[in-house]
Amino acid sequence: MAAVALTMGFAVAAPQAMAQAAPAADANVANPASAAPGLDDAAAEPMPDPWARANHAFFRVTRSVDKAVIAPAFRAYNRVVPKPVRNGLDNAIQNLDEPRTAANDILQGRFKGAGNATARFAINSTFGLAGLFDLAGKSGMERQESDFGQTLGRYGVKSGPYIFVPFAGPSSLRDGVGRLVDIFADPVGLIAGGLGTTFGDVRAGVAAVGERSGVGDQLQQVDQEFTDPYATVKSVYSQQRASAIALARGHSQTDVDQLPDFGPTPQTPTPERAAPAPQKPAGPDPDSPGSSQ
Amino acid sequence: MTSRRFTRLLTQVAFAVALAIGATLAVSIASPGAAFAQSSRDAGAEQFVQGQGQRIITLLSNPALSPPDKTRAFKAIVDQIADVPRITGFVLGKYARSITPAQMQRFAPIFRAYEQSVYETQLSNFHGRTLRVTGSVARRPGDVVVSTVISGGGLSQPLPVAWRVLGGGGSWKVVDVQASGVWLAITQQQDFVSTIDNHGGDIDALISQLQQQARRREAGGSN
């Protein structure tokens, strides 16, 4: 099986999603006809978490070290290193992932996506000066990553248990195995050298730095905006993976059949300006906008 | 002799592999999801999202407005186009059934404020200028997922954002928004339910945590 690497540093992949760059939805879907309803992980369900105790412990340690050491270091890094330089490095590192994406796209039957990744790699490696500039992206060929965990999911392999990898981030049994396959079968790694070679180690290091620096203070945002950061990161990661697999199957971003229903409008006193009026139990809400369906 | 047997074996294996690949392809192509995904667009829902979504993006990217004015205008739009009461019930998950009227009376306003603030932060993070509807899928009549792409402004490449809207005819309401594969209300539901679970089913624990966060938000300005 030839498939390729998601380089290292999957850092804190999850919260990143809340704010930034998404895979292009419909751009790369070759065959909008490959749904297999019921096969995949439901979009709305978080991954099973039988190892919750260990995961919680890893999550806690990772977050406190991140807060105390890593986040401040990256704040300094982002201040000192100019944005164009950081972008260039990110581009160059991500460019090396394109062959892996192309290989996985082929395995997934997304030939258009594979063509896109191949063309991007060719253009950016040459005219984009070894990938420093994303010229292909500027001319409308958007970057879109594929990985082997996604390939497995596309053919019906379930996520298996959720795993929070210390100092790396959320994953699952399936995606962890996928990552190993991606690393060891990475075309660029096989040719230019994988982990253990200078090239491979530098590449992994720069990738990890780039990922974490891109996450910025979004971890803090999770703290401010959600009440249970552990559950939130797990939820976000589970949804992202379900969405990546839906994309691989030719859906656009989401498999609508997997969405939960919205129940009826709850009977509540109109929350508009809910004055703490003494008692008065809830009754039907006269100005509820729920004239819907 | 043995070599001929070997060749035959090889042929059989090759045939089996080809058959397997063919079968996989056939199954994936013939699967019924496809027809469904293509057939059920909803023009009314698309029109609603195109208009209101663009209105939000335009407001948030307006450099002439002061942050407090922006927040005020944004809240007004959310009240108008989102079905906040319905979202309020949804994010409580299984606890929507056991919440007491008194608790609901405290939860609803704090959640409304929270929701407006979270939506404003998340949508501002997109830094886009224009929104374009690219399609829609009706899960069932009156329950539609509209796909859009936000581009321009600070976005280096177009960002796909999906909107889940409920309603019909000319009257629609947003109940959830998805970016990067992540639905906001679904995430909130899993977050809130887990928080209540962790406190032995005590919904008041969630309410007081949200109240604390609101106080911190106010103290820290709009940041």
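Visitor: At what N to O distance do the side chains of D186(A) and R203(A) meet in a salt bridge?

Guide: This is a predicted model, in which local features need pLDDT of at least 70, side-chain atom pairs count only at pLDDT 80 or more, and totals for chains, interfaces and linings use all residues. Residues are numbered from 1 along each chain as its sequence is written, chains are lettered from A and ligands numbered from 1 in the order in which they are written, and side-chain values use heavy atoms, with hydrogens and water left out. A salt bridge requires a side-chain nitrogen of Lys or Arg within 4 Å of a carboxyl oxygen of Asp or Glu. For D186(A) and R203(A), the N to O distance is 2.6 Å.

Visitor: Which elements of chain A hold D186(A) and R203(A)?

Guide: Helices (H or I, at least four residues) and strands (E, at least two) are DSSP runs, numbered from the N terminus. The two partners are 17 residues apart and link distant parts of the chain. D186(A) belongs to the loop between α8 (173-184) and α9 (187-192), and R203(A) to helix α10 (residues 198-215).

Visitor: Are D186(A) and R203(A) buried or exposed?

Guide: Buried means under 20% relative accessible area, exposed over 50%, and partly exposed in between, with a 1.4 Å probe and protein chains only. By this scale, both D186(A) and R203(A) are buried.

Visitor: Why does D175(A) count as buried?

Guide: The side chain of D175(A) forms a salt bridge with that of R174(A), at 3.0 Å from N to O. R174(A) counts as buried because its relative accessibility is 4%. D175(A) counts as buried because its relative accessibility is 6%.

Visitor: Which residue meets D134(A) in a salt bridge?

Guide: The N to O distance of this pair is 3.2 Å, and both residues are buried. D134(A) sits in the loop between α5 and α6 of chain A, and its partner, 14 residues apart, in helix α5. That partner is R120(A).

Visitor: Why does F133(A) count as partly exposed?

Guide: F133(A) is found in the loop between α5 (111-126) and α6 (135-138) of chain A. F133(A) is partly exposed because its relative accessibility is 46%.

Visitor: How many bridges pair strand β1 with strand β2 of chain B?

Guide: Two strands pair if DSSP finds at least two bridges between them. β1(B) (residues 130-140) and β2(B) (residues 143-151) form a hairpin with two residues between them, and G142(B) in the turn has a positive phi of about 90 degrees. Among the bridge partners are R132(B) with V149(B), and V137(B) with V145(B). The strands pair in the antiparallel sense, and the number of bridges is nine.

Visitor: Which residue of β3(B) stands opposite V145(B)?

Guide: β2(B) is mostly covered, with eight of its nine residues buried. Eight bridges join β2(B) to strand β3 (residues 159-168) of chain B, and the two run antiparallel. The residue opposite V145(B) is R164(B).
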